[in-house]
Amino acid sequence: METINIVCVDDQPEVLDAVIKDLSTLAVHFNIEEAESADECLDLLDELEARGELVGLVISDHVMPGTSGVDLLGQISEDGRFAHTKKILLTGQATHKDTINAINAARIDHYFEKPWQVDELTDTCRRLLTEFILDQGLDYEEILPALDQPTLYKKLKG
């Protein structure tokens, strides 16, 4: 099976560590990568793609020095290599306008305000990764326990 990556982006190391810790149950089946800026994330995406690895999900903070999370997720949305990559915006400081822009322009799949609930974040990531795998037509038998069963059932039934 192809390597599927979850990329977490936040300029605050303690927040980045918390997100990665909260997603640790997914690390059995997915590779979790981290970046501390939008530029570092884009470089990482290029590296992963060059190695033939897939980026199933990007979770980004909004307020970061330089490029904001909304702008980063928008750039990822516009890059054809990551057309199926799912995106989550995680922030405590986005305005209503930022949120609308994130949904419309960056085509985020989910939005979380800080502090997030661990179970809700994990369940949402599991659902989005399941959608990614199904959208890509990937074989998922090896990672079946890590997938969101209702999403899997709905997609296969429908």
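Tutor: Arginine 81 and aspartate 46 form a salt bridge, with their closest N and O atoms 2.8 Å apart. Keep in mind that this is a predicted model.

Student: What makes the pair of arginine 81 and aspartate 46 a salt bridge?

Tutor: The cut-off is 4 Å between a side-chain nitrogen of Lys or Arg and a carboxyl oxygen of Asp or Glu. Here the N and O atoms are 2.8 Å apart. That is within 4 Å, so the pair counts as a salt bridge.

Student: Where in the chain do arginine 81 and aspartate 46 lie?

Tutor: In distant parts of the chain. Arginine 81 is in the loop between helix H3 (69-78) and strand S4 (86-91), and aspartate 46 is in helix H2. They are 35 residues apart.

Student: Why is arginine 81 called partly exposed?

Tutor: Its relative accessible area is 39%. Buried means under 20% and exposed means over 50%. Arginine 81, at 39%, falls in between, so it is partly exposed. Aspartate 46, at 36%, is also partly exposed.

Student: How do you know that arginine 81 and glutamate 49 meet in a salt bridge?

Tutor: The N to O distance is 3.5 Å. That is within the limit, so this pair counts as a salt bridge. It links distant parts of the chain, with glutamate 49 in helix H2 and arginine 81 in the loop between H3 and S4, 32 residues apart. Glutamate 49 has a relative accessible area of 34%, so it is partly exposed.

Student: Which residues are linked in a network of salt bridges?

Tutor: Asp46, Glu49, Asp79 and Arg81.

Student: How many salt bridges does the rule give?

Tutor: The count is 9. One of the pairs is glutamate 53 with arginine 51, at 3.2 Å from N to O.

Student: Why is glutamate 53 called buried?

Tutor: Its relative accessibility is 18%. The cut-off for buried is under 20%, so glutamate 53 counts as buried.

Student: How many disulfides are there?

Tutor: The count is 0. Cysteine 41 is in no disulfide, and the nearest cysteine sulfur, in cysteine 8, is 9.7 Å away.

Student: Are cysteine 41 and cysteine 125 buried or exposed?

Tutor: Cysteine 41 has a relative accessible area of 0%. Cysteine 125 has 0% too. That is under 20%, so both are buried.

Student: Which residues gather in the patch of negative charge on the surface?

Tutor: They are Glu14, Asp17, Glu34, Glu36, Asp39, Glu40, Asp43 and Glu47. Asp and Glu count as negative, so the patch is called negative. Helix H1 (13-22) and helix H2 (38-50) each supply at least two of its residues. H2 gives the most, with 4 residues.

Student: What makes glutamate 14 exposed?

Tutor: Glutamate 14 is in helix H1. Its relative accessibility is 52%. Exposed means over 50%, so glutamate 14 counts as exposed.

Student: What makes H3 mostly covered?

Tutor: In H3, 7 of its 10 residues are buried. They are Gly69, Val70, Leu72, Leu73, Gly74, Ile76 and Ser77.

Student: Is phenylalanine 82 buried or exposed?

Tutor: Phenylalanine 82 is in the loop between H3 and S4. Its relative accessibility is 4%. The cut-off is under 20%, so phenylalanine 82 counts as buried.

Student: Why is aspartate 11 called partly exposed?

Tutor: Aspartate 11 is in the loop between strand S1 (4-9) and H1. Its relative accessibility is 26%. That lies between 20% and 50%, so aspartate 11 is partly exposed. The C-alpha atoms of aspartate 11 and alanine 38 are 8.9 Å apart, and the two residues are 27 residues apart along the chain.

Student: Which peptide bond is cis?

Tutor: The one from lysine 114 to proline 115, with omega near -5°. Proline 115 is in the loop between strand S5 (110-113) and helix H5 (118-136). Most peptide bonds are trans.

Conventions
Residues are numbered from 1 along each chain as its sequence is written. This is a predicted model: local features need pLDDT of at least 70, side-chain atom pairs count only at pLDDT 80 or more; totals for chains, interfaces and linings use all residues. Side-chain values use heavy atoms; hydrogens and water are left out. A disulfide is a pair of cysteine sulfur atoms within 2.5 Å. Buried means under 20% relative accessible area, exposed over 50%, partly exposed in between (1.4 Å probe, protein chains only). Patches are made of residues with over 30% relative accessible area and no salt bridge: like charges are joined within 9 Å, nonpolar side chains (Val, Leu, Ile, Met, Phe, Trp, Tyr) within 5 Å. Accessible areas come from the Shrake-Rupley method with a 1.4 Å probe; for residues, only the protein chains shown count as cover. The place of a charge is taken as NZ of Lys, CZ of Arg, CG of Asp or CD of Glu.
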